[in-house]
Amino acid sequence: MKIIIIGAGQVGATLAENLASEDNDITVIDTDLTRLRELQDRLDIQTVEGSGSHPDVLNQAGCNDADMLIAVSNQDETNMIACQVAHTLFKTPTKIGRVRSSAYAHYPELFADAAIPMDVRISPEKEVTKHLSRLIRYPGALQVMEFAEGKVQLVVVKAEKGGPLIDQPISFLKEHMPSIQTRIAAIYRDGKSISPDGNTHIHANDEVFFLTAQRDVLDVMSELRPLDVPYRRIIIAGGGNIGERLAQSLEKEYRVKIIERDPERCRYLSETLDNTIVLNGDASKQELLLEENIESTDVFCALTNNDEANIMSSMLAKVLGVRTVMTIINNPAYVDIVQEGMIDIAISPQQTTISSLLSYIRRGDVVNVHSMRKGAAEALEAVAHGDYRSSKVVGRSIANLNLPEGATIGAIVREEDLIVATSELVIQAEDHVIIFVTNKKQIPAVEQLFQVGLTFF
């Protein structure tokens, strides 16, 4: 695909890196020449200096024959005008825009073709909030991803001693939980991927990826590690867009406090939120955290725009006795360093946003994509269409599919039913097939499997 990306910030750069590795024709537009040069030095892409909302700049970038425009600059207005110009002057087929301000979210009619023609709106803040909410609802999970409109969850946990499945073969799971549909899709041991089968033994400290219905997540987790006590008390450091959204999503079920340094923002939050305590102060101050009983707090979420402030306040909270620390970190170089220390879960907003974008970029009818392990692996939800003649998957058993190495079908959602994949399972038209791919280079081969041949038409 020929794709134009507007914005060479963290999201744009991470997106360019992901897509360039898949042999797409990528052009990045930004006003910062230094950023563009850094990208061009390490990626096989083209760059154009200038404003992405200017017609001459879009023309120079090749917008006249681009398949897709992705506007992810830091300015909502730039992104919206870029989509407008691409639609009106260049007839670009697909236009995706980043819209951060919640002020626009209340007026969806703005984004119709007759107004601002943006086919897909993405909000990193919204995606990160959903990610955090799911982690808080499943204590002990490292990542929770949804498929089939939430019916199915792909959950990542670190196996721990005390779980019944530790040092047992995976087949033991079916014997122990015969009424639950679940499938272990992948295991990472010492950073290396293992393709699991029934004879594979789970070891303590394995990173285990399992699929199951939403209602059964905690039951399956209990086989891999002792279940954590549910979270009740949450402190959020930073009352920006993400902090506000997260408090709104949690305040009805949890006891939530927000610590925000800006007095004006505190006043706004206190008027907007119903059941959240809003505190004006600095979350990196020990006295304040002690006053707010940090030692009896279940989760400390550091959500400011400053990586260093997030890391330092998180480490302080951990030292003072908070149970779990979740921290937003924008700089990818920091993620590995901090996750090995006091920070329990480091969240990369750009990787979370990439997942929401990839489903619009993948070929075939791919309705959900989740990027994992810093983009090296993906989980996809693809819909099977056609019949035996026009499709490479419909009417065929999983054993007879030409799946590339490193690709595993974990489960199928057929209407309302979750069916765990077995070698004999035959895929039917309109099945939602959930595939785990440990080697991202095999994504194009997976996409081709789910593309319908011409005979279908």
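**Exercise 1. Is Glu-127 buried or exposed, and what is its relative accessible area?**

Glu-127 is buried, with a relative accessible area of 17%. Buried means under 20% relative accessible area, exposed over 50%, and partly exposed in between (1.4 Å probe, protein chains only).

Before going on, note the ground rules. The model is predicted: local features need pLDDT of at least 70, side-chain atom pairs count only at pLDDT 80 or more, and totals for chains, interfaces and linings use all residues. Residues are numbered from 1 along each chain as its sequence is written, and side-chain values use heavy atoms, with hydrogens and water left out.

**Exercise 2. Find the residue that forms a salt bridge with Glu-127.**

Step 1. Recall the idea. Side chains of opposite charge can pair when their charged atoms come close.

Step 2. Apply the cut-off. A salt bridge is a side-chain nitrogen of Lys or Arg within 4 Å of a carboxyl oxygen of Asp or Glu.

Step 3. Name the partner. Glu-127 pairs with Lys-130, and their closest N and O atoms are 3.6 Å apart.

Step 4. Helices (H or I, at least four residues) and strands (E, at least two) are DSSP runs, numbered from the N terminus.

Step 5. Check the cover of the partner. Lys-130 is partly exposed, at 36% relative accessible area.

**Exercise 3. Locate the two residues of the salt bridge between Arg-225 and Glu-160.**

Step 1. Read the distance. It is 3.1 Å, N to O.

Step 2. Find the loops. Arg-225 lies in the loop between α8 (217-224) and β12 (233-237). Glu-160 lies in the loop between β8 (152-158) and α7 (171-176). The pair links distant parts of the chain, 65 residues apart.

Step 3. Compare the cover. Arg-225 is buried, at 8% relative accessible area. Glu-160 is partly exposed, at 32%.

**Exercise 4. Explain what the salt bridge between Lys-257 and Glu-292 ties together.**

Step 1. Read the distance. The two side chains meet at 2.9 Å, N to O.

Step 2. Lys-257 is in strand β13 (residues 255-260), and Glu-292 is in the loop between α11 (286-291) and β15 (299-302). The pair therefore ties together parts that are 35 residues apart in sequence.

Step 3. Check the cover. Lys-257 is buried, with a relative accessible area of 19%. Glu-292 is buried too, at 14%.

**Exercise 5. Describe the protein chain as a whole.**

Step 1. Count the elements. There are 15 helices and 22 strands.

Step 2. The C-alpha trace spans about 70 × 65 × 40 Å along its principal axes.

Step 3. Buried residues make up 54% of the 457 residues.

Step 4. Check the contacts (heavy atoms within 4.5 Å). Among those between residues at least 6 apart in sequence, 60% join residues at least 24 apart.
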